[in-house]
Amino acid sequence: MKKYAKIITAILLVTLLALTFVACIDPDNNSQGTMTLVLLNGDDAKEYTVDLSQIPSDGNQTGLMAVLDYLQSDGQLTYAEEGGLLTQVGILTDQRVDGKYIYIYTDVETDFDVSAYAVQITYKEKSYTNSGFGASQMSIKDGCTIVITYLIWG
């Protein structure tokens, strides 16, 4: 009887470990298609079309951070972060002293901020809502657009 208990325990342990790895797969990120990243500074906009098949899936970075990493390694833009917050992305630099903060907006509904503090902007006659997630948890989907700009506070 002890022999069967050990075998069943081993099978359950292996199954549990396998499910743990499967649960870590992010279903909200596409690895095919293209997405658009927009850096918006007033009327000055810089658009990047990103081929999602070029984004490394090595697990070092995920979501928008994987896109920023790819664009930086490709020499298209630079970014910096401090304490998990983006402090510089291309032409945008966090200016907390002046009340200007880097803010991220998306058209992926599952990422919308649904709190009472949600903010929307319009870019090229389309509405974008600020992300309710950090950059590394944001969904990257074929056809999506992410707009990074300033939020002026104060």
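Me: Two strands pair if DSSP finds at least two bridges between them. What makes strand 1 and strand 9 a pair?

Reply: Strand 1 (residues 34-41) and strand 9 (residues 145-152) are joined by 4 bridges; the requirement is at least two, so the two strands pair. They run parallel, and within strand 9 the bridge partner of L37 is I146. The model is predicted, so local features need pLDDT of at least 70 and side-chain atom pairs count only at pLDDT 80 or more, while totals for chains, interfaces and linings use all residues. Residues are numbered from 1 along each chain as its sequence is written, and side-chain values use heavy atoms, with hydrogens and water left out.

Me: How do you know that strand 1 also pairs with strand 2?

Reply: Between strand 1 and strand 2 there are 8 bridges, in the antiparallel sense. M35 stands opposite V50 in strand 2. The two strands form a hairpin with 2 residues between them, and G42 in the turn has a positive phi of about 65 degrees. Strands (E, at least two residues) and helices (H or I, at least four) are DSSP runs, numbered from the N terminus.

Me: Why are strand 2 and strand 7 said to stand at the edges?

Reply: The open sheet has 6 strands in the order 2-1-9-6-8-7, with mixed pairing. Strand 2 (44-51) and strand 7 (120-123) each have a single partner strand, so one side of each is left without a neighbour in the sheet.

Me: What makes the approach of D107 to K126 a polar contact?

Reply: The side chains of D107 and K126 are joined at 2.7 Å. A polar contact is a pair of N or O atoms within 3.5 Å; within protein, one must be able to donate a hydrogen and the other to accept it, and residues adjacent in sequence count only if both atoms are side-chain atoms. The side chain of D107 also reaches the backbone nitrogen of T145, at 2.9 Å.

Me: What makes a group of residues here a nonpolar core?

Reply: The term denotes a set of buried Ala, Val, Leu, Ile, Met, Phe, Trp, Tyr and Cys residues joined through side-chain atoms within 4.5 Å. The largest such core has 29 residues, and L37, L64, L68, L86, I146 and I148 have the most contacts inside it. Helix 2 gives the most to this core, with 7 residues. Apart from it lies another core, of 8 residues, among them V38, I121, Y128 and V147.

Technical notes
Buried < 20%, exposed > 50% of the residue type's maximum accessible area, 1.4 Å probe, protein only.
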